[in-house]
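Subject: Structure handover

Hi,

Here is the structure for you to look over. My notes follow below it.

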Amino acid sequence: MPFDQALRFASIWLASTSFIGLALGAGLPEWLAALTGAALIVAFLRNRGHKSVERLARFSPISPAGWNLLVIVGFLGFWVDMLWVSGELLPAGIHFLMILMIIKLFNLKLRRDYLHLYAISLVAILASGSLTTDLWYLPIFLLYLLAGVWTLLLFQLTKHPEETQVLTMSGTVRSQASASVHLVTPQFFWLANGLAFATFGLTLAIFFTVPRVSAGFYQKGVGENMRTSGFSETVNLGEIGPIKRDPSVVMRVELADGSPNKADGLYLRGVAFDQYDGKAWTNRLGYRRSVNEDGTGAFVLLGNRSAAPARLGETIRQNILLEPLDTPVLFAAPFIERVSGKFPSVQSDLTGSAYLPFPSSSRIEYSVLSRSNPVLPADLSSEPSLYPESFTRHFLQIPVQSERIAILAKEVTHTQRATFDKVHAIQSFLAHNFHYSLDAPLAELNHPLEEFLFSRKTGYCEHYATAMVMMLRTVGIPARLVTGFLATEWNEYGNYYLVRQQDAHAWVEVYLPHSGWITMDPTPPSLESVGSNSPAWHALGRMMDTVRLQWSRFFVQYSAADQLAVVRELKAGGTSARNKALDSMGTLFNPFMAMVGGIKEYVFNGTISSLAEVLGLALIGLAFFLWLGIKRPWAKAMAGKKTTRDQQPIVQLYGRMIGHLARKGISKPASSPPLEFVRLTQERWRDAGSAVGSITELYCRARFGQISPTRAELSLAEGHLRYLMALHKP
Amino acid sequence: MLRQFPSLLRQLFRHRSTRVTSEGVQFLLFTLAIGIAAINTGNNLFYLLLAMMLSLVLISGIVAEHSLRRLEFHRHLPDHLMVNEPTTATLVAKNRKSQLPSFSLKLFDVSDGREVDRGLEIPQLLPGTSRLVSYSLVATRRGRLQLDGICVGTEFPFGLFMKRTFYQIEDTVIVWPEIKPIDERLLQGLLTAGSEQSVHRRGHGNDLYNLRLYQAGDDSRNIHWPTTARTSQLTVRETEAEEQRRATVYLPTVAPVSHDALFEQAVSVTASIIRHLAHRGYILQLVVGSSRSSFGQGDLHLLELLRMLAVCERHSPHGESAVPGDQPGDLFEVQGGTMIAVQSWRGPWDIEPQHPTIMVDGAVIGGASDAV
């Protein structure tokens, strides 16, 4: 393919890539996306030489002035779009950019037009980058880079083809040579792709090393935050149900231990509720206060220190990557003790939940140290105790219409004496006598909890948890409802829990006098599943999510702090590597150093003559190295090797001639230079003189004058050799 | 080793220069804009684009450097040039790299420290191959034309920068003064003056003087065979004595700065006269200022005289009353022949002459003002 045509293809490819990026990121209006796509297809077909498209383009009714007028109209449209239609600069600008691209695609005539198209494409890919952080940007970027390298390369190579003055001996050779110079050959193909590969490698190196000056907490948000429910101050019963069909990823949780140690998943606590009015839960203890930082920059939540001795609780260290949600809640395993992340501040309420000052508009990453409360033996046998009024007001509150529930709770627990046994009995009762289903439209009913417990006996986590809390409270055990997520999907490729909207969950926290708040979950495992059941598909999904996470970690979220961490790691690694290298070098050079030491000793203890011997040897060695440095015999060998490629044909031809002459009795003396040998040959075999002279002249020119023979000269020389071989020597 | 030291230094500090092309300027402006956007927003995808553009800049530099490395040039020039007369020069470029080709090479002649663009471009030079390019070389001044080397530039790979490097290939060519056809009136003047001075007589020479019958003692090599055959009588050929066709051309070199152009005109006229007389078989001597050639004849002698004219320089007079220099008339009279003087300046009273003055044996030639 000629360079010109390849340039047109590459330019359309570049424009297409940026258009796809923009279409994926910006959600272009259908008509604009269709129009731009059509313009790209027409441009592509025109370049392929599609006759009907070419004819159509030739009879285009729009003149150059008309196109300019269209640009002006497009610009006016941009203002109209910005002021009245989109109402924002960015969408209106993107629409105008696409209009410009369409106009330019129909006007690709001059090199200047191509430059304009490249500029439009660059702005488009830039706009695309400002609108997304998704993984699809990576392949689009790679395609753009590849197209960019090809385009720039071809644009440069087609710059001045008409000014080239390459002279060769024969016209045929000339036309062939110049034609091959301007064709996309396999070598050129690999060269361009190799350059693109090198550019990508260098891009990565620069990307990771260029200092991040802006290292703010909140990056500019991309689009709207993910809508979730169940984490506001008031939650209607059944509110979580709808989101339990949503497979969107909410967060990813890495455990410091590396792998989950529980088969039943990881509870990620969000918000706790104390008040239930029969239809909705409210958190009356939701007053938030700022949490203090300790010396290491971590926020310490003192209120979550349990009554149980701290050493008994199981600690869980988590690293959480939270997607932008419409809630400021910081999710973590119960109960949070320390939170660290790039936050200006962290708040907490009296139920031990942690919050950001406001919902983050971008993905955030934070680390949490949590400690669960074990059930102490003292609580296994004790009866319900008396609590202060302030405590019972919140956690023993019961809505007025709960008599049936109280009777049921007493029935379930009447055989149990210990508090924990009662708790366990209620949990077991709910888990075994009710059916889990997301198709439980209880929210519209006046008494959803009674409906769940006594009529339908079908519901989901909220109903189970609410029922348990109410039953516990009616028997005098303080309890509260907690919403959050139950992480069960372990990603074995990335070693983290993948938490989706569908993992939203509600469970119960029960207060035991000696142990404190402990987590109980009456909801039986769900047999319903969302999406495909294919394990292979799930595995692929997890694999893709790992890639997505790495993309997010190393590209989208990469920050100055990461750079500092890398530098520290390198420094530590470098010191250790240097020490190791020094040790290895020492081992390697020990015998040599011992020998040098021995020589030194020999010199100092010896006579003048021995000193002279050593010095003489050293000088000889030095001279040898100097000689090597100046003469560089390897360079000569390499140079000799390198000259052969171009000169090989004529050198071989000359060798064949020498061999033939030797067979005819005219041997070339070693001391005789080529031209001298010509004279000698002419004297002894007059007829062969001219042929030998011609071949020798070409040989000398190539060998000593560094002027390689052309193809025509070579074929002439071959003719001379054939003539020489056919000649009869008298 | 000491002899190699200067070349080693040259190699180490070989001149490199980089110029940003118009496309490169636009590219850098875009890079700057993306950089500002990246810093302003902290968006890592902007940083990624910025890194891509910076890496394209870096790759440009690295690849261009490799394109320009390990090239070899040989220039082939004629032995001499003539002012304003185009001559074909050839240049052999060889890529001595074993693996990497060189692309989009633009070659510039470097003369007296200036780069001269002769429109030479080699689109592709594969590893180990050479390419011959030729160009028209026109010298605008007589004297020694010093060619310092070749400056090679490339915009490869992305056309963002023009990177150049210098390869030293020193060449010196003598540029003769311009030779123009001699005007008919001047020609007549020269011939008339010559004939007044000369008396034709027999002697040793090449030109025919007379044919006469063979006499005893004549050299048999002088027998003119065509006439002998036609008349059936042995006829011998007598030649004209050569000293009658001697001429000394004198070019004074003393002239003020204001007469510089006129001096160059005088040099050109002198060269034209010399070549004209040489072609007519004259034995010529050239006196340029204080330097003087021997009398001689033939192409080699002509080349020597033109070379003297090519390198001669004008000297400013020492004072107001200075005269154009001593007339070496005595010498000419002794040696015989015609004396032709071409003067660009005749003395302080010679204010603004339009043309050099041509004198043959002391007499100003009519029509010499627009001689050539």
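Two residues count as in contact here if their C-beta atoms, placed from the backbone, lie within 7 Å. Please bear in mind that this is a predicted model.

**A helix pair in chain A**

Start with α7(A), residues 137-157. The helix has 21 residues. From first C-alpha to last, α7(A) reaches 30 Å, close to the 30 Å expected at 1.5 Å a residue. α7(A) is mostly covered, with 17 of its 21 residues buried.

Its partner is α9(A), residues 186-209. The two helices pack at an angle of about 125°, and their axes are 9 Å apart. That angle makes α7(A) oblique to α9(A). The crossing is right-handed.

Which residues meet? From α7(A) come A:Leu145, A:Leu146, A:Val149, A:Trp150 and A:Leu153. They face A:Ala192, A:Leu195, A:Ala196, A:Thr199 and A:Phe200 in α9(A). By class, this contact has nine nonpolar residues, one polar and no charged. An α-helix has 3.6 residues a turn, so residues three or four places apart point the same way.

**Where the chains touch**

The contact takes 50 residues from chain B and 48 from chain A. On the side of chain B that touches chain A, the elements giving two or more residues are α2 (22-41), α3 (44-68), β2 (71-76), β4 (87-95), β6 (114-125) and β7 (130-137) of chain B. Which gives the most? α3(B) does, with 15 residues. By class, that side of chain B has 26 nonpolar, 17 polar and seven charged residues.

Best wishes

Note on methods:
Residues are numbered from 1 along each chain as its sequence is written. Chains are lettered from A and ligands numbered from 1 in the order in which they are written. This is a predicted model: local features need pLDDT of at least 70, side-chain atom pairs count only at pLDDT 80 or more; totals for chains, interfaces and linings use all residues. Axes are lines fitted to C-alpha atoms, for helices over the stretch in contact, and angles run from 0 to 180 degrees between N-to-C directions. Helices (H or I, at least four residues) and strands (E, at least two) are DSSP runs, numbered from the N terminus. Angles under 35 degrees count as roughly parallel, over 145 as roughly antiparallel, 65 to 115 as roughly perpendicular and the rest as oblique. A crossing is left-handed if the near helix is turned anticlockwise from the far one by less than a right angle, and right-handed if clockwise. Ala, Val, Leu, Ile, Met, Phe, Trp, Tyr, Cys and Pro count as nonpolar, Asp, Glu, Lys and Arg as charged, and the others, Gly among them, as polar. The expected span of a helix is 1.5 Å times one less than its number of residues. A residue is buried if 20 or more other C-beta atoms lie within 10 Å of its own, exposed if 12 or fewer, and partly exposed in between; C-beta atoms are placed from the backbone.
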